[in-house]
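This briefing concerns aromatic rings and a sheet in one protein structure. Please consult the sequence and the model while reading.

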Amino acid sequence: MKRLLNHNLGLKIISVVIAFFVWLAVVYVSDPLVTGRQEIPLEVVNDDVMTKAGLSYEIEGKRTTVPVIYSIHTQDRASLSASDLRAYVDLEDYYPATGTVPVYVEVLNNKSHLLESVTTRPSVVRIKTEQIQKKAFDLQVHRSITLAEGYEVERIDLDRGTVTVEGPESAIGRISSVAIDVAANDLDGELSGTAVPYFCDANGNKLSLDDRVEINVSEVGYTVKVMKAKWVHLEFEVGGAVADGCRYMGMEASATDVSVMGADGLVSLVDVIHIPPSILDLGGASEDKVITVDVAEFLPDKENMSVVLNRQVTVTLKVRRLSQKLIQVPANRIILEGGSDLYYYDYDRDEVEVTVEGLEEDLEPMNASNIILELDVSGMGPGSHTGILGFEGIREEVSVMGYSPFQVLVSLKDAGPGGASVEEESSYPETGAFSQGESDGAAETGESGHEERVAPANAPAEDSTDGVGE
């Protein structure tokens with residue numbers, strides 16, 4: 001086999017070359033048709049038809065080119081380029097029933113005589129339409145600003161407050177807000193500039209939308225104004241009184257310091273902002289009273305100063321209703337003061353009912369052992385007298401509202417002729433009477449506390465006495 005291939009090798013090569021040139025001559029003379037293919041950009045004409053109908057459109061699959069297939073003579077093939085062909089769709093030919101529009105092809109540069117059977121694949125394209133929506137958005141500012149020490153941003157002014165966005169409903173529905181970014185470092189003075197608005201979703205993330213969504217401005221101008229700032233303490237003064245049967249328990253405020261901003265010379269002079277009692281007025285409150293205070297209203301110079309942080313402070317005036325409790329104290333717990341060794345002191349009842357008032361948690365543990373009763377008998381002679389008690393050992397949070405009236409019965413230890421003897425008087429069993437010495441011993445059972453002297457309920461204006469002392 002090798003011998004056959006190598007035999008007359010030169011003649012065989014010459015034969016191949018001659019055959020090639022013969023083939024070229026035949027092709028050149030016959031100039032046969034061949035199939036060509038070009039990828040041509042797809043144009044859209046008369047798109048204002050959709051706009052006038054209030055519709056947005058999109059070519060299905062977002063097709064931007066179509067293949068054009070044609071027949072051309074071999075000798076002309078090299079002279080044809082993609083720029084010699086044009087492919088387009090005319091939206092006036094849009095057929096809503098099928099949602100399609102035909103693709104047209106034109107041969108440019110007078111070369112139509114060179115081509116035959118010019119077609120496109122596909123011959124029609126599908127058009128997706130959607131209602132156009134126009135919506136206004138308040139312009140948001142996403143700022144990334146660091147300030148020089150002692151400065152705060154007073155405000156950021158924009159040359160417009162709203163922007164209008166127009167596009168397909170599905171795209172507009174994805175937009176939650178329109179914002180611009182403002183950034184600065186170590187800012188200690190006014191800053192101006194422009195920023196390009198962008199779209200954000202509900203989470204504040206940037207949205208990437210197609211060209212069918214349009215906004216009515218390309219840039220937004222802004223100005224950042226800063227001023228000197230200082231933290232200032234709030235001083236609250238509460239006025240008025242609570243309703244009967246209630247107690248003011250103090251106040252709570254959502255903030256006790258505010259950041260005040262203004263010219264350096266003004267801010268440096270302010271150390272405290274006073275909130276007057278006319279604002280924090282209890283006004284007969286029977287429950288907690290909540291008051292919102294606009295701190296800016298109490299600045300010394302409202303025109304040239306402002307409150308940056310905590311301008312609206314919520315103050316709660318805490319008010320609690322009081323309860324009352326009736327405590328029965330044995331009369332033998334009364335401590336006598338100023339008694340005489342010449343008299344016996346007795347009472348017309350065995351117990352005194354004491355009414356105290358306070359918060360439930362303060363009244364609950366109270367009983368007779370927590371109350372020390374004191375009775376001044378220094379001015380009492382033989383006879384019957386209205387008892388006027390004083391109180392010791394009662395907590396400051398509790399008030400004595402009154403006690404049941406009782407009479408102090410004073411009698412001589414030695415009645416003399418016709419009267420009871422000292423021995424007879426002292427032998428009375430369990431009368432509840434005490435001499436001065438015995439009353440001092442009873443005092444040892446009491447607890448220390450503040451002294452309070454309260455008249456008994458329904459007590460007469462003057463003591464009444466019988467004729468014994470006379």
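A residue counts as buried under 20% relative accessible area, as exposed over 50%, and as partly exposed in between, with a 1.4 Å probe and protein chains only. The model is predicted, so local features need pLDDT of at least 70 and side-chain atom pairs count only at pLDDT 80 or more, while totals for chains, interfaces and linings use all residues. Residues are numbered from 1 along each chain as its sequence is written, and side-chain values use heavy atoms, with hydrogens and water left out.

**Aromatic rings**

- Rings of Phe, Tyr and Trp (its six-membered ring) pair if their centres lie within 6.5 Å; planes under 30 degrees apart are stacked, over 60 edge-to-face, and the rest tilted.
- The whole structure contains five aromatic pairs.
- Phe406 is buried at a relative accessible area of 1%, and Tyr347 is buried at 7% relative accessibility.
- Ring pairs join Tyr347, Phe391, Tyr403 and Phe406 into a cluster.

**The sheet**

- Strands are DSSP runs of E with at least two residues, numbered from the N terminus, and two strands pair if DSSP finds at least two bridges between them.
- Three strands form an open sheet in the order β23-β29-β26, with antiparallel pairing.
- Both β23 and β26 (383–386) are edge strands with a single partner strand each, so one side of each has no neighbour in the sheet.
- Four bridges connect the antiparallel strands β26 and β29.
- Gly383 lies opposite Val410 in β29.
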